[in-house]
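Visitor: I would like to learn how to read a few features of a protein model. Please take them one at a time, with the general idea before the case.

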Amino acid sequence: MARIICVTVFALCLVWPGTSQSQAPVQTIRGRVVDEATSTPVPGATVILENHEPLTGTTTGPDGFFRLSNVPVGRQTLRISFIGYETRIVRDLMVTSGREVVLDITLRESVTEMEEVVVRPDAARDQPINFMALSGSRLLRMEEASRYAGGFDDPAGLATAFAAATGSLSNNALVIRGNAPKGVLWQMEGVEIPTPSHFANILTIGGGGITALSSHMIADSDFHTGAFPAEYGNALSGVLDLNIRNGNDQRYEHAVRLGAIGVDAASEGPLPGMDGASYLANYRLSLFTLIAPLLPEDAGDIRYQNVSWKLHLPTPRHGTFSFWGIVAEDWSGQTADSRPADWIYNQDREEIESPTRFGAMGLRHRIVLGRNAWLASSIAASGNGLRWNLARYNDDGSLLQPLEHVRHEAGKLTLRSRINYSFGSRHTNRTGAIINRRGYRQNIRHAPAPGVPLQTIVDASGHTYHFQAYSQSRFEIKSISLTTGLHYQHVALIGAHSLEPRIALQFHRDRNTWSLALGRHTQTEPLSIYFAHPANRDLALAKADHLTGGFSRMLTTDFRFNFEVYGQWLSDIPVIPDSSFSTINLELDWYLDQQLGNSGAGRNYGLEMTLERYLSGGWYGLFSGTVFHSEYRGGDGIWRSTRFNRGYSFVLLGGREWTLRSVRRVRIFSVNGRMTLMGGQRFSPVDEPASHAAREIILDENRAFSNQGPQILYGDVTLEWRTNRRSTSSVWSLQVLNATAYREFYGYRYNLRNGTIEKERELLLIPNLGYKMEF
């Protein structure tokens, strides 16, 4: 640890800032105010800087733009209001001297009559951006992903702080309400993308090791955990709908961050020759060698890099174009030891090579049509690739024998268009269609036993089509909001189609909100499932019927209580006849070569509670908890716990900020902590006689997931020291994942030296000491 800290501090000192100017640091807050339903500008809206003397404010211009200059740095709150609209309050904005604050504000048209205006408390700050979402959804603020301990700038890490989602220390896969990570839909700029993580699909299908997203790039986004709106398809458990923010269109701004796990640089600014046009770009490179001594023994060599960008190109009459993208590549592997005397476990004599990559880029066009409608269309290309090669030395160490080979490449060309039309303040409709051309190339080979030649399981290439269409409406009737919709999808590869009704109801009165939502959702399986056996091309889509009910109350302006109860009934799940296998538990089943049928089923149900104190007065806190049960029926007709049936999960987090002001600079020091307590993941017991005979772990799948790992309790810490000068801002930070040094249980492994079966527990402790400069 001492070596790591010394090396990092020396490197960071090279960029330590010099002296500053004498003027007190201030900054500009500007942005645009538009109608939530129609995206048309709201001219004349009042924008007030609260808790500021003297009173500071402005009004929006004809195109909805506003500007507040000379705003003191630190936490600030805005109040935006206009006749006929609900007042919007944007609280606790972090205003720094190194970067302007540029906001896109939406106002919701009020449905109350002038003579019966009701004054409501401020809307909850976790209200999702998609106003079609009435239940089981919340806003993900990337500022929180940076501030919350354990967030590590990862939307998935932030999501696990909330009651519906659980994760683990070893990967960033999201388990939502007991469902497998493969059930999550990831969207960026409205287009489905591969899992945006480095080392994706190596540790688990649908998850990875570390996010490829950057807090410099991602804007506030939505997280849907069940019975989600009709515009989302091909997902069983939840949706992360990510947005990329626009770059600053009036001045150039840059940021450089150097930390123990990597270095990244970001830049943004106006594009010359186009009014309002801007660019935003970010590049990140790993430096995992600095913390290699703190990683698990089998972590091996780890390298990654990624780049992301967005060009924002508004035109006077033809709408707004944007060109966005993200590209990532990584490599992990380990070298085998050829000396039998040094082997303790099989992994010691195994050689692994595993490069992976993914990318997505798109061109988006959005245009406002009159006063009541807008049209958004996109063309995008995305894909991911994985190569996995595992070889093992024979017993005398004379020959390295191949055991596993996976080559997976998938690409997709997407066309998407949707139109949003407002029939007035009481009815808005959104209708759209999505066409995907999916290309694939897969070669999967596996040796049934060491020394046996690799046998081909899958060798397929080609393309297919996936079509989706939807229509949904939102109705407002005084204190009642109602959304209804239908989603349709057709998968040409297997000739399957589905029609999925969705409905959600929300009733709000004073500080209380009740919600109820019901929806059917379907999803395709990973391509390797369909190619594992010719008969698998006749599989139907897996289905899940979601029912969610909720109650929320704003206890005060800053305190919110939320309670949800849910049930999910899964059907048509692919299973192996007369077996415990089900795709509900899919994790790393690349080598499946058997015929599947749709006789499987599943059930998830649980209770969730959240008590949240929003950041105010320098401190915040959140307690979230869930008690749930997740079970499935395999091909043998027996109901069992799923792999992800932890039973419970509780998170307690909070933080405190102190602001120190002087004539020349403003310093902000913050301490943030998080504790996570949850049940262990389920696993199948070891077949001891078979394991001793094979000298490696063999599981008893007749008793699948009948055992549960030990309870998990660990803590995370984030410390931050921010200094604002006249035109620059610098941040020292220390993010420690698993600061309590909890050793996570991974299952069992066979000890070759003494012929025993041992528990495998690894310590994954990641300290990320970093320095960032914004200028």
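Guide: A nonpolar core is a set of buried Ala, Val, Leu, Ile, Met, Phe, Trp, Tyr and Cys residues joined through side-chain atoms within 4.5 Å. Keep in mind that this model is predicted.

Visitor: How many residues does the largest nonpolar core have, and which have the most contacts inside it?

Guide: In general, nonpolar side chains tend to be buried together in soluble globular proteins. Here the largest nonpolar core has 44 residues, and W388, L493, I494, F531 and L596 have the most contacts inside it. The elements giving two or more residues to this core are β20, β23, β24, β25, β26, α4 and β39. Its largest share, 4 residues, comes from α4. A second, separate core has 37 residues, including I218, A328, L615 and L622.

Visitor: Which residues does L493 touch, leaving out those up to four places away in sequence?

Guide: With that exclusion, L493 touches Y440, T464, Y465, L527, Y530, F531 and R537.

Visitor: Now a strand. Which residues of β2 are on its covered face, and which on its uncovered one?

Guide: The side chains of a regular strand alternate between the two faces of the sheet. In β2, residues 46-49, the covered face holds V47 and L49, while T46 and I48 are on the uncovered face.

Visitor: What stands opposite L49 in β3, and what in β5?

Guide: In β3 the residue opposite L49 is T56, and in β5 it is L78. Strands β2 and β3 (residues 56-59) run antiparallel and are joined by 4 bridges. The pairing of β2 with β5 (residues 74-81) is also antiparallel, over 4 bridges. The hairpin of β2 and β3 has 6 residues between the strands, and N51 in this hairpin takes a positive phi near 55°.

Visitor: Is S332 buried or exposed?

Guide: The cut-off for buried is under 20% relative accessible area. S332 has 12% relative accessibility, so it counts as buried. This serine lies in strand β21, residues 320-334. Not counting residues up to four places away in sequence, S332 touches F199, I202, D301, I352, E353 and S354.

Visitor: Why does S730 count as buried?

Guide: S730 counts as buried because its relative accessibility is 5%. S730 belongs to strand β40, residues 729-737. The side chains of S730 and R725 are joined by a polar contact of 3.2 Å.

Visitor: How far apart are S730 and I529 in sequence and in space?

Guide: They are 201 residues apart in sequence and 50 Å apart in space, C-alpha to C-alpha.

Technical notes:
Residues are numbered from 1 along each chain as its sequence is written. This is a predicted model: local features need pLDDT of at least 70, side-chain atom pairs count only at pLDDT 80 or more; totals for chains, interfaces and linings use all residues. Side-chain values use heavy atoms; hydrogens and water are left out. Buried means under 20% relative accessible area, exposed over 50%, partly exposed in between (1.4 Å probe, protein chains only). Two strands pair if DSSP finds at least two bridges between them. A polar contact is a pair of N or O atoms within 3.5 Å; within protein, one must be able to donate a hydrogen and the other to accept it, and residues adjacent in sequence count only if both atoms are side-chain atoms. Contact means heavy atoms within 4.5 Å.
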